[in-house]
There are 2 protein chains.
Amino acid sequence: MAARNDIPYKIYLEENEMPQAWYNVRADMKNKPAPLLNPGTLQPMTAQELEGVFCADLVQQELDNTTAYIPIPQEIRDFYKMYRPSPLVRAYCLEEKLKTPAKIYYKFEGNNTSGSHKLNSAIAQAYYAKKQGLKGVTTETGAGQWGTALSMACAYLDLDCQVYMVKVSYEQKPFRREVMRTYGASVTPSPSNTTNVGRKILADHPGTTGSLGCAISEAVEAATSQEGYRYVLGSVLNQVLLHQSVIGLETKAALDKYNIKPDIIIGCAGGGSNVGGLISPFVGEMLRGEADYRIIAVEPASCPSLTRGKFAYDFCDTGMVCPLAKMYTLGSNFIPSANHAGGLRYHGMSPVVSQLYHDGIIEATSVEQTKVFEAAEYFARVEGILPAPESSHAIRVAIDEAVKCRETGEEKTIVFGLTGTGYFDMVAYEKFNNGEMSDYIPTDEDLARSFATLPKVEK
Amino acid sequence: MAARNDIPYKIYLEENEMPQAWYNVRADMKNKPAPLLNPGTLQPMTAQELEGVFCADLVQQELDNTTAYIPIPQEIRDFYKMYRPSPLVRAYCLEEKLKTPAKIYYKFEGNNTSGSHKLNSAIAQAYYAKKQGLKGVTTETGAGQWGTALSMACAYLDLDCQVYMVKVSYEQKPFRREVMRTYGASVTPSPSNTTNVGRKILADHPGTTGSLGCAISEAVEAATSQEGYRYVLGSVLNQVLLHQSVIGLETKAALDKYNIKPDIIIGCAGGGSNVGGLISPFVGEMLRGEADYRIIAVEPASCPSLTRGKFAYDFCDTGMVCPLAKMYTLGSNFIPSANHAGGLRYHGMSPVVSQLYHDGIIEATSVEQTKVFEAAEYFARVEGILPAPESSHAIRVAIDEAVKCRETGEEKTIVFGLTGTGYFDMVAYEKFNNGEMSDYIPTDEDLARSFATLPKVEK
């Protein structure tokens, strides 16, 4: 077993070691992610078109495929200092229990009230909205982490925050809703009668409990129909991965401080905000030929966009009103089975992550939910942190890789992203504790049906 | 406003700066806390009597009024390293919003899965139980923080953990219950039919939703009626304050590192585990004539043991089976009104804190619940941490003191204890958000009625 005194349990950077600029991995990508397309013309979205929906500075970040480092404004760095740097934790206890020669580290993003890494981009997006003189922003939330993070950021900046929360989550997760309200956000169950699209859906499907796609459509309509509002999004977009690079930059700085070279880097993947941010600086080194790592994106077997999806242009929302993105997708009308890892239920994947996967820079794997919760509970008991179901996908694979090291005797260094805590996911844990959780993997026929609805885009 | 670069936002001690011994403030107290009395004989409880209920090492700590520093065993220090040191946070944002010249710091104990400082004593008590070769421990929990902390500690040490949870909390806080179950604890709603006292209460009061006093009695019976079990308690006792001194020791080390001298130290007070631990090293300096501080214990106006109670021997439980403690008490059958600050509903107060208050070393004040939640919401929005209702009592008074500084122009340094997070208290926040929260302060007649039941003890 490793001596527990060479590396501290938790590596915290000093304030002056925290990143002063985000890293834009697109600058080092030979094959850039494909541009967003206008769903009407199928032409690349122009800055002007995007600015109708998004803040101007964010549009610039979205379209910038060449600038490697984009300075983090001082106000955002000040906000980051309230809850960052997040610790890079050496999992001594986990290593010992697993009897593995592997050295395991995790970057823990859950030590803030939003409970996840989402705050890193929320404060950035709220800041640029404020800077632009806007009154407020609109967004959708499914599991609730993103909505909570945005509420916190908006409260800090005195910005109005309108959240469309998928109705089933609104009803099943009243505490998440209440956290957002405590931060002054208005939270509307979606579909609602506050938008045209919501009213139409309610008329067509009375009694529906909503979907993320519908909530996106409502939030976009709310943004574009109110003076002084824009829409913001917590994942998928290039700008979000840019902001989330702070995770990877801090991770790399902490590793470098102790001359640690990771062999394997593991992140859970839903829309790609976490894994994209975590791996960016490491991928950058690989793309520049400076280092080599094994990088694994982990997704749920119930929603396997990378491992079983198609790399194609598709709608980002089920309402098919948003721009098209080229990404690994299961089809915008793919409906994952009941799966409590709410943040990993998205049908598509960030275009950046998709391109990196397509080019063979990173690997992907999928895991079943019950195996994920086994790992989550094991981790909670050994390392003392109750992880979010999403994060636990990465834990599962980290443990599996560490066990392989036990078998081979290899002393690999494994780094994974622990994106958040599971305090608002106890209904899922309860199901697991009661032995009532099951796995469901879509059949090839299921996927064929949703692939059939992919839009035809010549490219 | 203060420049934000002289002191970091968060002061983290290095691992080698973490305390290696707990500080026992009793060693420096001229007037020692009065001994626990056997309820039958009214004589001081002997070590042998106490060892029937508590672990041997803990009994020794309970009775030791002279040893100033008690080494923290290496295994406990290793566990502490998983979630400690906790940060001492400079509340730059709060200072700026309040436009106060005061410098505000808070010691944040909520960044662990138990969500509070309770883990500091839970791991110590579980460790000594394990060391003694016991199979498990029993306890009660009201709000749930203590039960969660003990579950985590027991899971880590492979110790059985039996929690009696007040039935109303068991039903209203299913997520708290589920966290404990995830850590492998068995959680029984109290009163239950698993104990004689539980069965008797159920027979006498069918349909009762339980009380902390009843849960204590059940847990004690469960401990003493099973081979290889002992009872553990999360507050009030001398041993608990000893373990919780780690809060104060870390706070003082962090302040000393930057040559900061606090003027005012504020802690919320229920049974005294937090405030006792936070203030111990500072009180020690005062008792030794080395420094002077203003120390304020804050309690709810609905359960004002220090500010309106009597300093007298009383039962620690409503069932009147536990030893008598000399403390500020409202009477063991005092029932506080519906008050969501669950951890501050105890009728009594730690004998150590009581003695310090009686001797004029520390002050006490009480605050009303709605004012507490106003401060909680304000703090959440400004500092980004959603505080526990208990902790928010200290926030309220810290804000009030900082506002006084704004009025007088004094640049006082204020330190308060932020004991935990409010993620499992959203029902209370919802009431506040909906304007449905009210205050209730017991009348003098209410108190006279409960004082009338104080036991007669000649001393």
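**Exercise 1.** In which helix of chain B is B:L58 found? Determine also whether B:L58 is buried or exposed.

*Solution.* The model is predicted: local features need pLDDT of at least 70 and side-chain atom pairs count only at pLDDT 80 or more, whereas totals for chains, interfaces and linings use all residues. Residues are numbered from 1 along each chain as its sequence is written, chains are lettered from A and ligands numbered from 1 in the order in which they are written, and side-chain values use heavy atoms, with hydrogens and water left out.

Step 1. B:L58 lies in helix α2 (residues 56–63) of chain B. Helices (H or I, at least four residues) and strands (E, at least two) are DSSP runs, numbered from the N terminus.

Step 2. The relative accessibility of B:L58 is 1%, so B:L58 counts as buried. Buried means under 20% relative accessible area, exposed over 50%, and partly exposed in between, with a 1.4 Å probe and protein chains only.

Step 3. Apart from neighbours within four places in sequence, B:L58 is in contact (heavy atoms within 4.5 Å) with B:Q125, B:Y128, B:Q239 and B:H243. Between the C-alpha atoms of B:L58 and B:V240, which are 182 residues apart along the chain, the separation is 9.2 Å.

**Exercise 2.** Describe how helices α5 and α11 of chain A cross.

*Solution.* Step 1. Two packed helices are described by the angle between their axes and the distance between the axes. Axes are lines fitted to C-alpha atoms, for helices over the stretch in contact, and angles run from 0 to 180 degrees between N-to-C directions.

Step 2. The axes of α5(A) (residues 119–131) and α11(A) (residues 238–257) come within 8 Å and cross at roughly 125 degrees. The two helices are therefore oblique to each other: angles under 35 degrees count as roughly parallel, over 145 as roughly antiparallel, 65 to 115 as roughly perpendicular and the rest as oblique.

Step 3. The crossing of α5(A) and α11(A) is right-handed. A crossing is right-handed if the near helix is turned clockwise from the far one by less than a right angle, and left-handed if anticlockwise.

Step 4. From α5(A), the residues A:N120, A:S121, A:A124, A:Q125 and A:Y128 make the contact, together with A:Q239, A:V240, A:H243, A:Q244, A:V246 and A:I247 of α11(A).

**Exercise 3.** In what order do the four strands of the open sheet in chain B stand?

*Solution.* Step 1. The order is β8-β7-β6-β9 (chain B), with parallel pairing. Two strands pair if DSSP finds at least two bridges between them.

Step 2. At the edges stand β8 (186–190) and β9 (229–231) of chain B, each pairing on one side only. From one strand to the next, the twist averages 25 degrees.

Step 3. Strand β6 (residues 136–141) of chain B pairs with β9(B) over three bridges, in the parallel sense. In this pairing, B:G136 stands opposite B:Y229 in β9(B).

Step 4. Helix α6 (residues 145–157) of chain B packs on the sheet and touches β6 and β7 (160–166) of chain B; its direction makes about 165 degrees with that of β6(B).

**Exercise 4.** Is A:S151 buried or exposed?

*Solution.* Step 1. A:S151 belongs to helix α6 (residues 145–157) of chain A.

Step 2. With 0% relative accessibility, A:S151 counts as buried.

Step 3. Leaving aside neighbours within four places in sequence, the contacts of A:S151 are A:C161, A:V163, A:M180, A:Y183 and A:A185.
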